[in-house]
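Please look over the notes below alongside the model.

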Amino acid sequence: MANETVNSNPLLCDPVEGICGLPDATDNLKVATTQTQKPVKVVYFTDPICSSCWGIEPQLRKLKLEYGNSIEIEYRMGGLLPDWSYNSGGISKPSDVAHHWDEVSVHYDMPIDGDVWLEAPLHSSYPPSIAFKAAQMQSNEKAILFLREIREMVFLQKKNITQWEHLAAAAKKVGLDVAQLKTDFEGKANALFEEDLRVAKAYGVRGFPTMFFATNGGSQETVYGTKPYIFYETAVLRLHEAATKNEYDKTWETLFKKYQSLTAKEFSVLSNTPRNESEKVLNELSDQGILTKITTKNGAIWRNEP
(Lines give C-alpha, C1' and ligand atoms only; values in the text may rest on other atoms or scores of the structure.)
Protein backbone atom coordinates (compact mmCIF):
# COMPACT_ATOMS: atom_id res chain seq x y z
CA MET A 1 0.00 0.00 0.00
CA ALA A 2 2.91 2.37 0.56
CA ASN A 3 3.54 2.63 -3.18
CA GLU A 4 0.01 3.65 -4.10
CA THR A 5 -0.35 7.08 -5.65
CA VAL A 6 -3.27 9.43 -5.28
CA ASN A 7 -4.21 12.65 -6.95
CA SER A 8 -2.97 15.72 -5.14
CA ASN A 9 -6.43 17.27 -5.13
CA PRO A 10 -8.32 16.18 -1.99
CA LEU A 11 -11.75 16.23 -3.61
CA LEU A 12 -10.68 14.32 -6.71
CA CYS A 13 -11.00 10.94 -5.04
CA ASP A 14 -9.68 7.83 -6.76
CA PRO A 15 -12.52 5.28 -6.59
CA VAL A 16 -10.33 2.51 -7.97
CA GLU A 17 -7.89 2.87 -5.07
CA GLY A 18 -10.78 3.89 -2.81
CA ILE A 19 -9.08 6.99 -1.44
CA CYS A 20 -9.51 10.74 -1.14
CA GLY A 21 -5.93 11.95 -0.91
CA LEU A 22 -4.32 14.84 0.89
CA PRO A 23 -2.03 17.24 -0.96
CA ASP A 24 1.66 16.99 -0.06
CA ALA A 25 1.10 14.01 2.24
CA THR A 26 3.75 11.46 3.08
CA ASP A 27 3.73 7.76 2.29
CA ASN A 28 5.10 6.38 5.56
CA LEU A 29 2.01 5.03 7.25
CA LYS A 30 2.71 4.24 10.87
CA VAL A 31 0.79 3.72 14.08
CA ALA A 32 1.60 5.37 17.35
CA THR A 33 1.50 3.36 20.56
CA THR A 34 -2.11 2.91 21.61
CA GLN A 35 -4.00 1.43 24.53
CA THR A 36 -7.39 -0.22 24.26
CA GLN A 37 -9.81 -2.06 26.52
CA LYS A 38 -10.68 -4.48 23.70
CA PRO A 39 -8.20 -6.76 21.89
CA VAL A 40 -7.93 -4.48 18.84
CA LYS A 41 -7.95 -0.68 18.61
CA VAL A 42 -8.98 0.84 15.27
CA VAL A 43 -8.05 4.47 14.64
CA TYR A 44 -10.22 5.65 11.77
CA PHE A 45 -9.20 8.82 9.94
CA THR A 46 -12.09 10.29 7.99
CA ASP A 47 -13.79 13.51 6.91
CA PRO A 48 -17.48 14.47 6.70
CA ILE A 49 -17.31 15.22 2.95
CA CYS A 50 -15.03 12.36 1.92
CA SER A 51 -16.93 10.45 -0.78
CA SER A 52 -14.72 7.37 -0.37
CA CYS A 53 -15.59 7.38 3.34
CA TRP A 54 -19.26 7.35 2.37
CA GLY A 55 -18.39 4.40 0.17
CA ILE A 56 -16.98 2.49 3.14
CA GLU A 57 -20.16 2.70 5.24
CA PRO A 58 -21.47 -0.78 4.31
CA GLN A 59 -18.17 -2.45 5.25
CA LEU A 60 -17.74 -0.40 8.42
CA ARG A 61 -21.23 -1.13 9.65
CA LYS A 62 -20.78 -4.85 9.01
CA LEU A 63 -17.43 -4.85 10.83
CA LYS A 64 -19.08 -3.32 13.88
CA LEU A 65 -21.88 -5.89 13.83
CA GLU A 66 -19.60 -8.89 13.37
CA TYR A 67 -16.55 -7.91 15.42
CA GLY A 68 -17.82 -5.24 17.80
CA ASN A 69 -16.84 -7.41 20.77
CA SER A 70 -13.21 -7.46 19.65
CA ILE A 71 -12.63 -3.95 18.31
CA GLU A 72 -12.76 -0.42 19.65
CA ILE A 73 -13.02 2.27 16.96
CA GLU A 74 -11.70 5.77 17.53
CA TYR A 75 -12.87 8.37 15.00
CA ARG A 76 -10.41 11.09 13.99
CA MET A 77 -11.05 13.98 11.61
CA GLY A 78 -8.42 14.48 8.92
CA GLY A 79 -9.15 17.87 7.36
CA LEU A 80 -9.82 16.96 3.73
CA LEU A 81 -10.68 20.45 2.44
CA PRO A 82 -9.16 23.42 4.31
CA ASP A 83 -10.27 25.88 1.61
CA TRP A 84 -10.11 26.47 -2.15
CA SER A 85 -6.69 28.11 -2.30
CA TYR A 86 -5.25 25.62 -4.79
CA ASN A 87 -5.72 24.35 -8.33
CA SER A 88 -4.80 20.75 -9.01
CA GLY A 89 -6.17 17.64 -10.65
CA GLY A 90 -8.48 19.66 -12.87
CA ILE A 91 -10.43 20.97 -9.88
CA SER A 92 -10.08 24.61 -8.88
CA LYS A 93 -13.61 25.52 -7.77
CA PRO A 94 -16.60 23.75 -6.18
CA SER A 95 -18.53 23.28 -9.44
CA ASP A 96 -15.67 21.12 -10.74
CA VAL A 97 -16.52 18.49 -8.11
CA ALA A 98 -20.14 17.92 -9.15
CA HIS A 99 -19.60 15.48 -12.02
CA HIS A 100 -16.83 13.68 -10.13
CA TRP A 101 -19.14 12.94 -7.20
CA ASP A 102 -21.74 11.56 -9.60
CA GLU A 103 -19.12 9.17 -10.98
CA VAL A 104 -18.01 8.13 -7.48
CA SER A 105 -21.63 7.39 -6.59
CA VAL A 106 -21.88 4.87 -9.43
CA HIS A 107 -18.56 3.25 -8.54
CA TYR A 108 -19.43 2.67 -4.88
CA ASP A 109 -23.12 1.98 -5.52
CA MET A 110 -23.91 4.54 -2.81
CA PRO A 111 -26.23 7.49 -3.52
CA ILE A 112 -24.38 10.80 -3.91
CA ASP A 113 -25.85 13.86 -5.61
CA GLY A 114 -22.97 15.96 -6.85
CA ASP A 115 -25.27 18.90 -7.55
CA VAL A 116 -24.60 20.15 -4.02
CA TRP A 117 -21.45 21.68 -5.51
CA LEU A 118 -23.58 23.62 -7.97
CA GLU A 119 -26.47 24.56 -5.68
CA ALA A 120 -24.97 24.92 -2.18
CA PRO A 121 -21.16 24.59 -2.43
CA LEU A 122 -19.05 24.14 0.68
CA HIS A 123 -16.04 26.37 1.26
CA SER A 124 -14.31 23.88 3.57
CA SER A 125 -14.77 20.60 5.45
CA TYR A 126 -13.39 22.11 8.64
CA PRO A 127 -16.68 23.43 10.16
CA PRO A 128 -18.49 20.06 10.08
CA SER A 129 -15.31 18.37 11.32
CA ILE A 130 -15.13 20.74 14.29
CA ALA A 131 -18.83 20.15 14.92
CA PHE A 132 -18.14 16.41 15.07
CA LYS A 133 -15.42 17.00 17.69
CA ALA A 134 -17.92 19.08 19.66
CA ALA A 135 -20.40 16.19 19.44
CA GLN A 136 -17.74 13.77 20.70
CA MET A 137 -17.38 15.94 23.79
CA GLN A 138 -20.96 15.01 24.68
CA SER A 139 -21.13 11.40 23.51
CA ASN A 140 -19.06 9.21 21.19
CA GLU A 141 -22.14 7.21 20.27
CA LYS A 142 -24.22 10.28 19.41
CA ALA A 143 -21.26 11.81 17.58
CA ILE A 144 -21.20 8.84 15.19
CA LEU A 145 -24.94 9.24 14.61
CA PHE A 146 -24.36 12.96 14.05
CA LEU A 147 -21.65 12.23 11.48
CA ARG A 148 -24.03 9.94 9.63
CA GLU A 149 -26.74 12.61 9.62
CA ILE A 150 -24.53 15.34 8.21
CA ARG A 151 -23.18 12.95 5.59
CA GLU A 152 -26.70 12.17 4.45
CA MET A 153 -27.34 15.91 4.36
CA VAL A 154 -24.42 16.67 2.07
CA PHE A 155 -24.40 13.53 -0.09
CA LEU A 156 -28.16 13.05 -0.56
CA GLN A 157 -29.96 16.22 0.47
CA LYS A 158 -27.53 18.68 -1.16
CA LYS A 159 -27.18 20.73 2.02
CA ASN A 160 -24.17 22.88 2.81
CA ILE A 161 -23.11 21.36 6.13
CA THR A 162 -20.75 24.21 6.91
CA GLN A 163 -23.87 26.20 7.82
CA TRP A 164 -24.86 26.13 11.48
CA GLU A 165 -28.57 25.65 10.79
CA HIS A 166 -27.90 22.23 9.26
CA LEU A 167 -25.42 21.19 11.94
CA ALA A 168 -27.93 22.20 14.62
CA ALA A 169 -30.72 20.24 12.92
CA ALA A 170 -28.56 17.11 12.75
CA ALA A 171 -27.54 17.53 16.39
CA LYS A 172 -31.14 17.86 17.52
CA LYS A 173 -32.15 14.79 15.52
CA VAL A 174 -29.61 12.53 17.26
CA GLY A 175 -30.31 13.88 20.74
CA LEU A 176 -27.33 16.16 21.32
CA ASP A 177 -27.57 19.29 23.44
CA VAL A 178 -27.61 21.87 20.64
CA ALA A 179 -26.75 24.86 22.83
CA GLN A 180 -23.78 23.04 24.34
CA LEU A 181 -22.70 21.89 20.88
CA LYS A 182 -22.62 25.50 19.68
CA THR A 183 -20.59 26.58 22.70
CA ASP A 184 -18.07 23.79 22.15
CA PHE A 185 -18.10 24.31 18.36
CA GLU A 186 -17.04 27.90 18.88
CA GLY A 187 -14.61 27.00 21.65
CA LYS A 188 -12.90 23.83 22.86
CA ALA A 189 -13.71 21.68 19.84
CA ASN A 190 -11.35 23.73 17.68
CA ALA A 191 -8.37 22.58 19.73
CA LEU A 192 -9.57 18.97 19.56
CA PHE A 193 -9.78 19.21 15.77
CA GLU A 194 -6.28 20.68 15.59
CA GLU A 195 -5.10 17.75 17.69
CA ASP A 196 -6.68 15.32 15.20
CA LEU A 197 -4.77 17.05 12.39
CA ARG A 198 -1.53 16.69 14.35
CA VAL A 199 -2.21 13.01 15.02
CA ALA A 200 -3.00 12.40 11.34
CA LYS A 201 0.31 13.98 10.39
CA ALA A 202 2.18 11.96 13.02
CA TYR A 203 0.60 8.75 11.70
CA GLY A 204 1.59 9.65 8.14
CA VAL A 205 -2.00 9.73 6.92
CA ARG A 206 -2.14 10.68 3.24
CA GLY A 207 -5.79 10.14 2.44
CA PHE A 208 -9.17 8.94 3.62
CA PRO A 209 -10.44 6.55 4.68
CA THR A 210 -7.42 5.17 6.52
CA MET A 211 -7.80 2.62 9.31
CA PHE A 212 -4.99 1.67 11.65
CA PHE A 213 -5.54 -1.60 13.54
CA ALA A 214 -3.32 -2.15 16.59
CA THR A 215 -3.01 -4.17 19.77
CA ASN A 216 -1.62 -3.19 23.16
CA GLY A 217 1.31 -5.47 22.36
CA GLY A 218 2.33 -3.31 19.41
CA SER A 219 1.17 -5.48 16.50
CA GLN A 220 -0.26 -3.40 13.66
CA GLU A 221 -2.23 -3.62 10.42
CA THR A 222 -3.30 -0.82 8.08
CA VAL A 223 -6.15 -0.73 5.58
CA TYR A 224 -5.76 2.25 3.28
CA GLY A 225 -8.75 3.33 1.22
CA THR A 226 -12.17 1.82 0.62
CA LYS A 227 -11.60 -1.90 0.23
CA PRO A 228 -13.77 -5.05 0.14
CA TYR A 229 -14.96 -6.26 3.54
CA ILE A 230 -12.45 -9.12 3.71
CA PHE A 231 -9.58 -6.61 4.09
CA TYR A 232 -10.99 -5.25 7.34
CA GLU A 233 -11.96 -8.64 8.69
CA THR A 234 -8.51 -10.04 7.91
CA ALA A 235 -6.83 -7.13 9.71
CA VAL A 236 -8.79 -7.98 12.87
CA LEU A 237 -8.09 -11.72 12.64
CA ARG A 238 -4.36 -11.24 12.03
CA LEU A 239 -4.08 -9.24 15.22
CA HIS A 240 -6.52 -11.29 17.29
CA GLU A 241 -6.82 -14.87 16.08
CA ALA A 242 -9.30 -15.67 18.83
CA ALA A 243 -11.79 -13.08 17.55
CA THR A 244 -15.18 -14.68 17.05
CA LYS A 245 -17.67 -13.48 14.46
CA ASN A 246 -20.98 -12.40 15.94
CA GLU A 247 -23.83 -14.05 14.06
CA TYR A 248 -26.25 -11.13 14.25
CA ASP A 249 -29.90 -11.09 13.21
CA LYS A 250 -30.04 -10.15 9.52
CA THR A 251 -33.77 -9.46 9.22
CA TRP A 252 -34.79 -6.03 7.99
CA GLU A 253 -36.65 -5.37 11.25
CA THR A 254 -33.51 -5.80 13.35
CA LEU A 255 -31.23 -3.98 10.95
CA PHE A 256 -33.48 -0.93 10.84
CA LYS A 257 -33.67 -0.91 14.63
CA LYS A 258 -29.88 -0.81 14.74
CA TYR A 259 -29.45 1.65 11.87
CA GLN A 260 -32.22 4.15 11.20
CA SER A 261 -31.25 4.51 7.55
CA LEU A 262 -29.81 2.10 4.99
CA THR A 263 -28.97 2.30 1.31
CA ALA A 264 -29.66 -0.67 -0.95
CA LYS A 265 -25.93 -1.47 -0.94
CA GLU A 266 -25.79 -1.35 2.86
CA PHE A 267 -28.87 -3.53 3.22
CA SER A 268 -27.42 -6.02 0.75
CA VAL A 269 -24.11 -6.24 2.64
CA LEU A 270 -25.64 -6.41 6.12
CA SER A 271 -28.49 -8.80 5.34
CA ASN A 272 -26.59 -11.00 2.86
CA THR A 273 -29.32 -10.26 0.33
CA PRO A 274 -28.15 -10.31 -3.31
CA ARG A 275 -27.73 -6.74 -4.51
CA ASN A 276 -30.21 -7.20 -7.36
CA GLU A 277 -32.84 -8.18 -4.76
CA SER A 278 -32.06 -5.79 -1.91
CA GLU A 279 -33.64 -2.76 -3.58
CA LYS A 280 -36.76 -4.75 -4.39
CA VAL A 281 -37.16 -5.74 -0.73
CA LEU A 282 -36.72 -2.15 0.45
CA ASN A 283 -39.10 -0.80 -2.18
CA GLU A 284 -41.78 -3.25 -1.06
CA LEU A 285 -41.36 -2.06 2.52
CA SER A 286 -41.63 1.57 1.48
CA ASP A 287 -44.65 0.81 -0.72
CA GLN A 288 -46.31 -0.67 2.37
CA GLY A 289 -45.56 2.49 4.34
CA ILE A 290 -43.19 0.69 6.68
CA LEU A 291 -40.07 2.55 5.53
CA THR A 292 -39.62 6.00 4.04
CA LYS A 293 -37.79 6.11 0.73
CA ILE A 294 -35.72 9.19 -0.11
CA THR A 295 -34.73 9.27 -3.77
CA THR A 296 -31.85 11.17 -5.35
CA LYS A 297 -30.75 11.30 -8.97
CA ASN A 298 -28.09 8.67 -8.15
CA GLY A 299 -29.96 6.21 -5.97
CA ALA A 300 -32.01 6.15 -2.80
CA ILE A 301 -31.89 5.62 0.94
CA TRP A 302 -34.59 4.08 3.13
CA ARG A 303 -35.32 5.36 6.61
CA ASN A 304 -37.16 3.89 9.56
CA GLU A 305 -38.74 7.12 10.73
CA PRO A 306 -39.78 7.19 14.40
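**Notes on the model**

1. Cys53 is buried, at a relative accessible area of 0%. Buried stands for under 20% relative accessible area, exposed for over 50%, and partly exposed for what lies in between (1.4 Å probe, protein chains only). Cys50 is buried too, with a relative accessible area of 0%.

2. How many disulfides does the count come to? With a disulfide taken as a pair of cysteine sulfur atoms within 2.5 Å, the count is zero.

3. On provenance: this is a predicted model, in which local features need pLDDT of at least 70 and side-chain atom pairs count only at pLDDT 80 or more, while totals for chains, interfaces and linings use all residues. Residues are numbered from 1 along each chain as its sequence is written, and side-chain values use heavy atoms, with hydrogens and water left out.

4. Thr273 lies in the loop between α12 (264–271) and α13 (275–287); helices are DSSP runs of H or I with at least four residues, strands are runs of E with at least two, and numbering starts at the N terminus. Is Thr273 buried or exposed? Thr273 counts as buried, at 15% relative accessibility.

5. Leaving aside residues up to four places away in sequence, Thr273 touches Phe267, Ser268 and Ser278, where contact means heavy atoms within 4.5 Å.

6. Arg198 sits in helix α9 (residues 188–203) and is partly exposed, with a relative accessible area of 49%. Between Arg198 and Gly78 there are 120 residues of sequence separation and a C-alpha to C-alpha distance of 9.0 Å.
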